Amino acid sequence: MQIWGFIVRRILYLIPVLIGVTLITFALSHLVPGDPARLIVGQRASEETLERVREELGLNKPVPVQYISYMKDLARGNLGTSIRSQRPVIQDLRERFPASFELTSLALLFCVIVAVPLGVVCAVKRNKLVDHLIRVFALFGVSMPVFWWGLILLLIFYVILGWLPGPGRIAMDIAAPAGPTGMYLLDSLIAGDWQAFGSALSHIILPAFCLSYVYLAIMTRMVRSSMLEVLNQEYIRTARANGLSEWTIVVRHGLRNALVPTVTILGLSFGELIGGAILTEAIFAWPGLGSYLVESIGFLDFPSIMGFTILICVIYVMVNLLVDIAYGLLDPQIRWN
Amino acid sequence: MNAANLLEIHGLHLYFDTYLGTVRAVEGLDLTVSRGETVGLVGESGCGKSVSALAILGLISQPPGRIAGGKILFKGEDLLKKSPAELRNIRGKYISMIFQEPMSSLNPVYRVGDQMVEVIMLHRRVSRGEARKIALEMLHEVQMPDPEAVMQKYPFEMSGGMLQRVMIAMELSGKPDLLLADEPTTALDVTVQAQILRLMKNLVKKMNASVLLITHDLGVVAQTCDRVAVMYAGQVVEVAPTEELFTDPRHPYTRGLMGCFPDPNRQDAELAAIEGTVPDLINPPGGCRFHPRCPRAGDICGKEGPGPVAISDDHVVHCFFARQASDDHSEGGTGKGVAVLG
Ligand SMILES: Nc1ncnc2c1ncn2[C@@H]1O[C@H](COP(=O)(O)OP(=O)(O)O)[C@@H](O)[C@H]1O
Ligand SMILES: [Mg+2]
């Protein structure tokens, strides 16, 4: 099957990309900020201590040698030790990642479920009342900053109405589900712990919605415009001339073609959100990667910041791979080239 | 309505409302196609051939399009009065259409075979397996080498000529009464054009389907059509049996076209040049729409539109001077102008 060949080729393309990424992070961590050893030991440490740390870190070796040992460390998952927590950075990240992953996935899932149908409706009912209403709704999403939504939603649903819980991932008096994934929704499902599941779900609704709104708006507009373009294509006219129903034309012949650009946006959004949900995570006290970055910057915790950077790069690269594969599945022409 | 007539278009007016004004693309079009007959529709690019064909299937999007009058009778029933659901049932099953660009007429993300099967299942109410069998048969009918393999291909893996065969196979699979072919060979290599045309002609004859063949190529007309309607600026100006049109063209516009194409056995003439430019369809010339370019125009031509003049039973011309048959066929075709058929 060509699709497998296509996937393997895409994975092979990743190798140079990942080497490029590590070169940049290496340059950032070893060359740019002057002296990482000084950062670790602090301003008042003696020269000897500094020398010793330098030697420990291999900073006195030639640059290529340093890069190789850097790569070896990376391959072993060794991202250094966090200055703030005094634990391996990888351990910190592993703890924070599931929260972000869960939030981002849910936000984008929600986004797709809402934006794709809305975009299609807009395109089909172009310039009719529904189209205008949906576009106003979308415009609203793009124009309002995330923190505004976050605060307003908290105010309404938590403070005033009391329908939903406040910040955090799960109620204080409920034990976080211990599970393999670190994602509360999934773990509580696996454990069959409905109480934990309900609490986790009610906690994640507001931040997920808040996070998704901007992207939902962008994606609705994207689906609308690519759908409009596709519906003007000659093969759509053929489908009409063949007497296919409007539903078949729009969904089977139109949407599949219109989804290709949408998948790109989805992939980019995921990469952006997973580490970039900084405001949302801050407002909802969500212990994810975004808030980890904020805390690390506040502490000048250089190894943590670099570890975060590498993780985000890797996620970006992976998401791009998935986007490419999705392209290949959606559009056979892409897997040929 | 004459029972032998499968399709009768009476006084069709088709406008497009644009921000520049109303484009009066088709103004009083009359056309008939009888059972088993192939009628050619010729005229310069932009004269309204394609939109007329699309109107038959109800495929003019409104807005910007607007049917401002007329009737399109198919088997005696007015297609313009049909509901969307009724029209859908007619499309592809009783009337089907082939377009100019085979490369973009099929959906790029589905296999050719699946697209054929989808249409066959819709119109013949058969199982998937049977639909596949019919698709293979039809591909065989259009002399497609290795139909099994073709079914598995995506459109972008095939040449234009092969795709047009697929389109013909697909559009004839529902055994339609009428096939609308809008410049079906224009986008193809010259060497392939004749093949495709011959194949279409034979298959249509075998199925006893009627054809409305839109073309700008008088060679195609001579080779394929029983009758020809010559269109100018949204109106049919002359209709005649093919042979008669070539031997005795009466409308100055038809003569202009012939001027560059005197011999029906010659097939290489694609361009015809007539002095003047194609009229602006937002403000079309009053009276006869051709009069500003007409070498023969008199005072009356700018004032009134000429009614139909019957030269014989099936030769009708819209010209005040139609009866003054001239032997001089060269007057229109001076070769200086810019009009290009298409
Ligand atoms: N959607 C549209 N909006 C405005 N004008 C149109 C539209 N479609 C067709 N027309 C106009 O209608 C006229 C006839 O077009 P068409 O039928 O495509 O010509 P052709 O004889 O070359 O097939 C042209 O003048 C064209 O500009
Ligand atoms: Mg055309």
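Modeller: Let's start at Arg96(A), which touches Pro287(A), Gly288(A), Leu289(A), Ser291(A), Tyr292(A) and Glu295(A), leaving aside residues up to four places away in sequence. Contact here means heavy atoms within 4.5 Å. Before going on, some ground rules: this is a predicted model, so local features need pLDDT of at least 70 and side-chain atom pairs count only at pLDDT 80 or more, while totals for chains, interfaces and linings use all residues. Residues are numbered from 1 along each chain as its sequence is written, chains are lettered from A and ligands numbered from 1 in the order in which they are written, and side-chain values use heavy atoms, with hydrogens and water left out.

Back to the arginine. Arg96(A) lies in helix H5 of chain A, residues 89–124. Helices (H or I, at least four residues) and strands (E, at least two) are DSSP runs, numbered from the N terminus. Arg96(A) counts as buried because its relative accessibility is 14%; the cut-offs are under 20% for buried, over 50% for exposed and partly exposed in between, with a 1.4 Å probe and protein chains only.

Two of those neighbours also make polar contacts with the arginine. The side chains of Arg96(A) and Glu295(A) are joined at 2.7 Å, and those of Arg96(A) and Ser291(A) at 3.4 Å. A polar contact is a pair of N or O atoms within 3.5 Å; within protein, one must be able to donate a hydrogen and the other to accept it, and residues adjacent in sequence count only if both atoms are side-chain atoms. Arg96(A) also belongs to a network of salt bridges that links it with Arg84(A) and Glu295(A). For a salt bridge, a side-chain nitrogen of Lys or Arg has to be within 4 Å of a carboxyl oxygen of Asp or Glu.

Now zoom out to the chain. Chain A has 15 helices and 0 strands, and its C-alpha trace spans about 85 × 55 × 40 Å along the principal axes. Of its 337 residues, 45% count as buried. Among contacts in chain A with a separation of 6 or more, 71% are between residues 24 or more positions apart.

The chain is divided into domain 1 (2–75) and domain 2 (97–330), with bounds from an automatic or database domain assignment. Their centres, taken over C-alpha atoms, are 33 Å apart. Where they meet, 16 residues of domain 1 are in contact with 13 residues of domain 2. The two domains bury about 1,200 Å² between them, 92% of it on carbon and sulfur atoms. Arg10(A), Leu14(A) and Thr25(A) supply 29% of the area that domain 1 buries there, more than any other three residues. Buried area is the accessible area (1.4 Å probe) that two parts lose on being put together, summed over both.

There is 1 salt bridge between the domains: Arg10(A) pairs with Asp324(A), the closest N and O atoms being 3.1 Å apart. Helix H1 (2–31) and helix H4 (63–75) each supply at least two residues of the domain 1 side, with the largest share, 12 residues, coming from H1(A). That side divides into 13 nonpolar, 2 polar and 1 charged residues. Here Ala, Val, Leu, Ile, Met, Phe, Trp, Tyr, Cys and Pro count as nonpolar, Asp, Glu, Lys and Arg as charged, and the others, Gly among them, as polar.

Last stop, the partner chain. The contact takes 21 residues from chain A and 27 residues from chain B. About 2,200 Å² is buried between them, and carbon and sulfur atoms give 57% of that. On the chain A side, Arg237(A), Ala241(A) and Asn242(A) lose the most area, together 25% of what that side buries. The count between the chains is 1 salt bridge, in which the side chains of Glu118(B) and Arg252(A) meet at 2.6 Å, N to O. Helices H10 (234–241), H11 (246–276) and H15 (332–336) of chain A each supply at least two residues of its side, the largest share being the 6 residues from H10(A). By class, the chain A side has 6 nonpolar, 8 polar and 7 charged residues.
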